[in-house]
Amino acid sequence: LYQPVAVFHIMAISFIGLVPEWTCSEFNASEVNSTGIEDDMCQLYEKEDITCTPDYKDRFYSLTQEWDLICDEAYKISLTQSGFFVGFLLGSYILGSLADSIGRRKVVIGYLIALTGIQILTALSPSYYVFAICRLLVGFLVAGGLSAYVLVCEV
């Protein structure tokens, strides 16, 4: 039971962080031609004197579209996954030690309750920063699932 849940959380960023094709939908063509920018959408998007509204071609809705994580902001998608694994690292150590001291069953029950709450908060995140913190906490709690795996092996 633990493995499908862990794999889903580890691989989720591949789907929710999809970077779809996009173009600038609203800009003044005479401004673009006078600046010498050809077809590089990132240069167009990042110019301060040109208003560029991203127009995404895919119907799939992702984090990229939610918070316009394109061009200079695209690194934030990978940063979110790195935060997940930092949380996993910390959770493995802390929740593993906690499971040894207070019992695996208590840690597993607490992990499941907390993970459910954090997953709901992740889905309803109003900003990128809340989402990134939630992903770190999800990584922390998913590591608590290792206690469930050990508990089943010990029984």
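**Surface patch, cores and ring pairs**

Leu90 comes out as partly exposed, since its relative accessibility is 42% (buried is under 20% relative accessible area, exposed over 50%, partly exposed in between, with a 1.4 Å probe and protein chains only). The model is a predicted one, so local features need pLDDT of at least 70 and side-chain atom pairs count only at pLDDT 80 or more, while totals for chains, interfaces and linings use all residues. Residues are numbered from 1 along each chain as its sequence is written, and side-chain values use heavy atoms, with hydrogens and water left out.

Leu90 sits in helix α5 (helices are DSSP runs of H or I with at least four residues, numbered from the N terminus). On the surface, Leu90 belongs to a nonpolar patch together with Val86, Tyr93, Ile94, Ile133, Leu136 and Leu137, and the accessible area of the patch is about 630 Å² (Shrake-Rupley, 1.4 Å probe). Patch residues have over 30% relative accessible area and no salt bridge, and nonpolar side chains (Val, Leu, Ile, Met, Phe, Trp, Tyr) are joined within 5 Å. Two or more patch residues come from each of α5 (75-102) and α7 (128-154); α5 gives the most, with four.

What about the inside? The largest nonpolar core holds 12 residues, among them Phe84, Phe88, Tyr111, Cys134 and Leu141 (a core is a set of buried Ala, Val, Leu, Ile, Met, Phe, Trp, Tyr and Cys residues joined through side-chain atoms within 4.5 Å). At least two residues of this core come from each of α5, α6 (104-123) and α7, and α7 gives the most, with five. There is also a second, separate core of seven residues, including Ile13, Leu69, Ile77 and Tyr128.

Rings of Phe, Tyr and Trp (its six-membered ring) pair if their centres lie within 6.5 Å, with planes under 30 degrees apart called stacked, over 60 edge-to-face and the rest tilted. Tyr128 and Tyr129 make an edge-to-face pair, because their ring centres are 5.3 Å apart and their planes stand at 75 degrees. Tyr128 is buried at 8% relative accessibility, whereas Tyr129 is exposed at 55%. Ring pairs also tie both tyrosines into a cluster with Trp67 and Phe131.

Charged contacts are quickly told: the count is one salt bridge (a side-chain nitrogen of Lys or Arg within 4 Å of a carboxyl oxygen of Asp or Glu). Asp100 and Arg104 form this bridge, at 3.0 Å from N to O. Asp100 is exposed, with a relative accessible area of 57%, but Arg104 is buried at 18%.

Note on methods:
Patch = residues over 30% accessible without salt bridge, like charges linked within 9 Å, V, L, I, M, F, W, Y side chains within 5 Å.
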